[in-house]
Structures are given as structure tokens and as C-alpha cells.
Amino acid sequence: MIICHPLKLIFIKTKKVGGTSFEIALSSLCDDDSVITPISPGDEALRQAIGIPGPQNCASPVWRDKGGKEYWQSSGIFFNHISAPRAKKLIPPDVWNSYRKITIWRDPFDVAISRYYWQGGPAIGMNFGEFVDRHRGFLRENAKIAPFTGEAALDDYLRYESIAEHIEELQVPGLRELFQALSAKGNIRPKQGTSVAETYAMFPKAAAIIAEECRDEIDFFGYQNPLFRRMSPTRLTKKGQNSCLSSYFPWQQAGLAAHGLPIS
């Protein structure tokens with residue numbers, strides 16, 4: 001989490017969205033009064049190695065006006081994945097209301113895969129489907145960290161799927177280039193066999209769980225259940241429901257059938 005005074009920018013950090021690389025890049029633009037929260041020891045070593053400021057002003061910082069007079073003291077500690085509602089209580093209202101508040105958002109079906117491999121993947125003794133079923137609370141974490149509705153809703157939700165372009169839209173010179181040059185936490189998930197399409201072909205019940213648990217964010221951001229991404233336009237039955245049998249990908253039909261789920 002970062003409060004960058006020179007840019008008048010508040011960054012709320014969601015999980016498994018490439019946020020650490022963005023956080024390190026944004027730290028390079030902070031001044032001595034900005035709030036920068038700690039990250040993992042390995043990533044802190046990277047931040048230090050490239051000469052970028054590390055953690056500062058996290059514990060009950062004092063806020064001063066333009067004349068240097070103290071007018072607010074935060075009543076708690078800022079930390080890495082602090083939620084927007086909690087951060088809002090610690091930040092002076094004038095700062096919260098006037099600064100641009102941003103986060104990074106990622107397709108929840110993709111987030112779940114990254115979370116599984118970050119936790120250890122097969123080494124934790126369960127497959128991906130079992131992991132999703134047993135840890136449903138993980139699926140809702142980002143919506144709690146960065147609500148997309150309500151009083152603590154943010155101004156911008158940078159989409160992970162096109163993150164470089166969205167960072168460019170912030171119009172901060174050098175930020176996109178530094179972000180792209182970093183690779184924090186980028187090698188945990190295997191490169192082969194872990195795409196959204198491949199994973200949910202093997203574990204379609206996991207897709208159903210995520211579709212239910214993350215329904216609000218899926219609707220809000222326009223994401224799609226990977227089992228219902230079709231090659232051709234859908235046909236409507238007489239009841240007005242989508243008929244999917246002929247328009248599933250072959251691997252989708254096989255995955256559904258293998259788990260006893262309907263394909264029409």
C-alpha cells in the first residue's frame with residue numbers, strides 16, 4: 001500500500017495481481033513524507049538493490065498542512081494489503097477525498113490459479129479443485145480489500161489483463177517502463193498447463209464455485225466463466241436459455257462430462 005504525495009495517489013494493493021512490481025515502481029516516485037508499506041524480504045531486497053525507497057511512515061504517521069503544522073495523526077498502522085475501508089479511517093478526509101485512489105484488478109478465475117501455486121500448488125497435498133472448495137474465503141479477499149461500490153470505492157481499477165496500457169493512462173512519466181522491467185514474484189506459477197482454459201477444463205466444479213462466490217465482481221467488471229466462453233454465438237432455446245452443446249470448446253465438453261456436469 002502506498003500514499004504518494006508528489007503524485008497525490010493512493011494505491012490499495014489487492015492480492016495475486018502483480019501488485020508488488022507496481023508497488024516497487026511507484027515507490028521510486030515517493031518523497032520522504034509518503035507512506036510506503038513493507039513487502040516480503042526478497043522483494044525488499046530487490047527494491048533496495050535498485051535504489052528505491054523502502055518502508056516508511058507506516059505506524060501512526062503525523063500529517064502536516066502546507067505550512068508544516070500538524071493537523072492529523074493516524075490511529076493505526078498501514079500495512080501491505082490493508083483494505084480501503086480501513087485505510088480511509090487512517091487518512092485525513094481531505095487527502096482521501098482529493099487524492100486519486102487506485103488498485104489493480106484481475107479476473108477472479110485467474111487469481112484463484114495464481115493463489116493455488118503461490119500457496120505451493122500440488123505440494124500442499126490437494127489439487128486445484130480441492131483447494132478452491134476448501135478455501136472459498138480466499139476468493140472474496142480482493143473485493144474486501146478494494147470494494148468497487150460504497151463509500152470506500154476507489155477511483156480507478158487498473159485491469160491486470162491490460163495493465164501496461166492502464167498504467168500508461170495514469171500519465172506518470174517512467175512508471176510503465178519501470179513496472180515492465182521488474183519481475184517480482186513472476187516465476188511461481190508454472191508456464192505450461194496452468195492457463196485458465198486448461199485448468200478449468202480439468203476442474204469445472206471449481207469454476208462453478210468461483211462463479212458463485214465472486215458473482216458481484218464478475219458482473220461488475222464483465223468477466224466470464226471460462227466454461228462459457230464459446231467459439232460461436234449462442235443459440236436460444238424456446239425457454240430463452242442459452243443452448244451451449246454445439247458451441248463449447250471440445251476440451252470444455254470433455255471436462256464437464258468427466259465430472260458429471262451437464263453440457264446443455
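Student: Is Phe128 buried or exposed?

Tutor: The model is predicted, and the answer rests on a computed accessibility. Buried means under 20% relative accessible area; Phe128 has 3%, so Phe128 is buried.

Student: Which residues is Phe128 in contact with, leaving aside its neighbours within four places in sequence?

Tutor: Phe128 is in contact with Ala112, Ile113, Tyr116, Thr199, Tyr200, Phe203 and Ala206.

Student: How should I read the pair of Phe128 and Tyr200?

Tutor: Ring pairs are read from a distance and an angle, and planes over 60 degrees apart count as edge-to-face. Phe128 and Tyr200 are 5.5 Å centre to centre with 80° between the planes, an edge-to-face pair. This pair links distant parts of the chain, with Phe128 in helix H6 and Tyr200 in helix H11, 72 residues apart. Tyr200 counts as buried because its relative accessibility is 0%. Both rings also belong to one aromatic cluster, together with Phe109, Tyr116, Tyr117, Phe131, Phe138 and Phe203.

Student: What about the nonpolar core?

Tutor: In soluble globular proteins, nonpolar side chains tend to be buried together. Here the largest nonpolar core has 44 residues, and those with the most contacts inside it include Phe128 and Tyr200, along with Met1, Ile3, Ile12, Phe78 and Ile91. Among the helices that each supply at least two residues of this core are H5 (108-119), H6 (128-134) and H11 (196-202). The largest share, five residues, comes from H5. A second, separate core of 23 residues includes Cys4, Leu9, Cys30 and Ile36.

Student: Where is Lys101, and is Lys101 buried or exposed?

Tutor: Lys101 is in strand E6 (residues 100-105). Strand E6 is mostly covered, with five of its six residues buried.

Student: What does the side chain of Lys101 reach?

Tutor: The side chain of Lys101 reaches the backbone oxygen of Trp96 at 2.6 Å and the backbone oxygen of Tyr99 at 3.2 Å. The charged end of Lys101 also sits over the ring of Trp96, 5.1 Å from its centre.

Student: Which strands pair with E6?

Tutor: Pairing is read from bridges. Strand E2 (residues 9-11) and E6 pair in the parallel sense over three bridges, and Arg100 in E6 is the bridge partner of Leu9. E6 and strand E7 (residues 156-159) pair in the parallel sense over four bridges, with Leu158 in E7 as the bridge partner of Ile104.

Methods. Residues are numbered from 1 along each chain as its sequence is written. This is a predicted model: local features need pLDDT of at least 70, side-chain atom pairs count only at pLDDT 80 or more; totals for chains, interfaces and linings use all residues. Side-chain values use heavy atoms; hydrogens and water are left out. A nonpolar core is a set of buried Ala, Val, Leu, Ile, Met, Phe, Trp, Tyr and Cys residues joined through side-chain atoms within 4.5 Å. Buried means under 20% relative accessible area, exposed over 50%, partly exposed in between (1.4 Å probe, protein chains only). Contact means heavy atoms within 4.5 Å. A polar contact is a pair of N or O atoms within 3.5 Å; within protein, one must be able to donate a hydrogen and the other to accept it, and residues adjacent in sequence count only if both atoms are side-chain atoms. Two strands pair if DSSP finds at least two bridges between them. Rings of Phe, Tyr and Trp (its six-membered ring) pair if their centres lie within 6.5 Å; planes under 30 degrees apart count as stacked, over 60 as edge-to-face and the rest as tilted. A charge sits over a ring if NZ of Lys or CZ of Arg is within 6 Å of the ring centre and within 35 degrees of the ring normal.
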